[in-house]
Amino acid sequence: MGISQFIGWSSGFYLPAILAVPISKSLGIGTEIFFWAFTMALLVSAFLGPVIGKWIDLLGGRKVLPFGNLFFIAGLLVLALSTSVPMLFIAWLLIGVGAAMGNYDAAFATAVNFFGNDANKVIAGITVFVGFSSTISWPLNAWVSDNYGWQSAVLIWAVAHLIIGLPLNLTIPKSEPRIKAVAQKPKPRLAKARVRFDLLIVVFAVMFALEGFMVASVNTTLPYLLGELGASAQVALFAAAILGPSQVLARVLIVVLGKVMSPMRVAAVAFLAHPAGVVLILLLGVDALVPFVILHGISVGLDPFIRGTLPLLFFGPEDFGQRQGYIMMLSKIVGAASPLLLTILVVRDPTLAIITTMSMGLGATALLVWLSFIRKAQLRKIAPISD
């Protein structure tokens, strides 16, 4: 799943960073129109999350994730053949469906479907593979686009889904369908099996939305943001190049230090690393831009791990996929809008912009502290039963 996730993220979320400009020029449209289509894909993925998660809960990942590859292939083929704005939007609509059926949340739900509460290491391993997406796909897309055209760069990923991603997802072991089991439960049990909205789900949704703004907004505007903060073009490019390795290092450390770094501790580091980098910029100015990117990279690297493991810690594996879809919906919506909002702030005042992203991380940390008290209360309730 790690390799198929790498292909999915490289051919979806990370594709516009290099190809948005050449595709827009080829179609004779402004780049902002391209990003409206891309934003639509993110929103489609967000709203389909709960439905896809429920399917994986009931059927298992093997019967869902391969369809993600097929939608990706269809979307990328339409994108490569696009000659008009409607075709561009259709392409990203299909890619958005593919992302909902095949990327992180679907993969995490599949892992939990098999391993239950022991899925943390699998989730961490998957994120390590995806950490190489920008590091490998950006230069690859740039080289292919410059030498053979952007259409070839898009088609390469369609072929990768067909000959690598799809076969790998088809080798996911079968899991026992839970539809019959659910159908055989008496009505009271069925009512309990549904995902109920309560304060805890709202807290998780808001916490990940705050953290999602911090991560997504800076990720997609990083070179521009660094330039506005005073970095030269060379420093901005060098610092941006460090982002990928910083993510991978953070994810590898999770795997190595799995027993020491509990999901709560990892979340604390993820939420506070970016604000720490902002503090360095406020104190040291341009000299702190590289450390800032490293610390932000740590936040980015740990982000997907905590999104999978924290809900598992608090809610358990039951109905994980559907609940995860609801929890992450707000975060995905915020993530889709955050690059534009941060750009507006950077134009007005770059310092205000990074203080805003810092406040998002601190707000998420405050909610995490609240969750820690809730977790202690949960453990106190469990302790007498285990005794």
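**Cavities and their linings**

Author: Let's start with the second largest cavity: α1 (2–10), α4 (65–80) and α9 (150–170) each supply at least two residues of its lining. Helices here are DSSP runs of H or I, at least four residues, numbered from the N terminus.

Reader: Which helix gives the most to that lining?

Author: α4, with three residues.

Reader: What's the basis for all this?

Author: This is a predicted model; local features need pLDDT of at least 70, side-chain atom pairs count only at pLDDT 80 or more, and totals for chains, interfaces and linings use all residues. Residues are numbered from 1 along each chain as its sequence is written, and side-chain values use heavy atoms, without hydrogens or water.

Reader: How many cavities does the search find?

Author: Two of 30 Å³ or more, over the whole structure. A cavity is a set of points, on a 1 Å grid over the protein atoms alone, where a 1.4 Å probe fits but cannot get out; lining residues have an atom within 4 Å of a point.

Reader: Which residues line the largest one?

Author: Among them are Ser-45, Ile-52, Asp-105, Gln-324 and Lys-332. α3 (31–59) gives the most, with five residues.

Reader: How do the residues of that lining divide by class?

Author: Four nonpolar, six polar and two charged.

Terms used
On a 1 Å grid over the protein atoms alone, a cavity is a set of points where a 1.4 Å probe fits but cannot get out, and a pocket is an open set with protein on both sides within 12 Å along at least five of seven lines; lining residues have an atom within 4 Å of a point. Grid points are joined across faces, edges and corners, and a volume is the space filled by probe spheres set on the points. Ala, Val, Leu, Ile, Met, Phe, Trp, Tyr, Cys and Pro count as nonpolar, Asp, Glu, Lys and Arg as charged, and the others, Gly among them, as polar.
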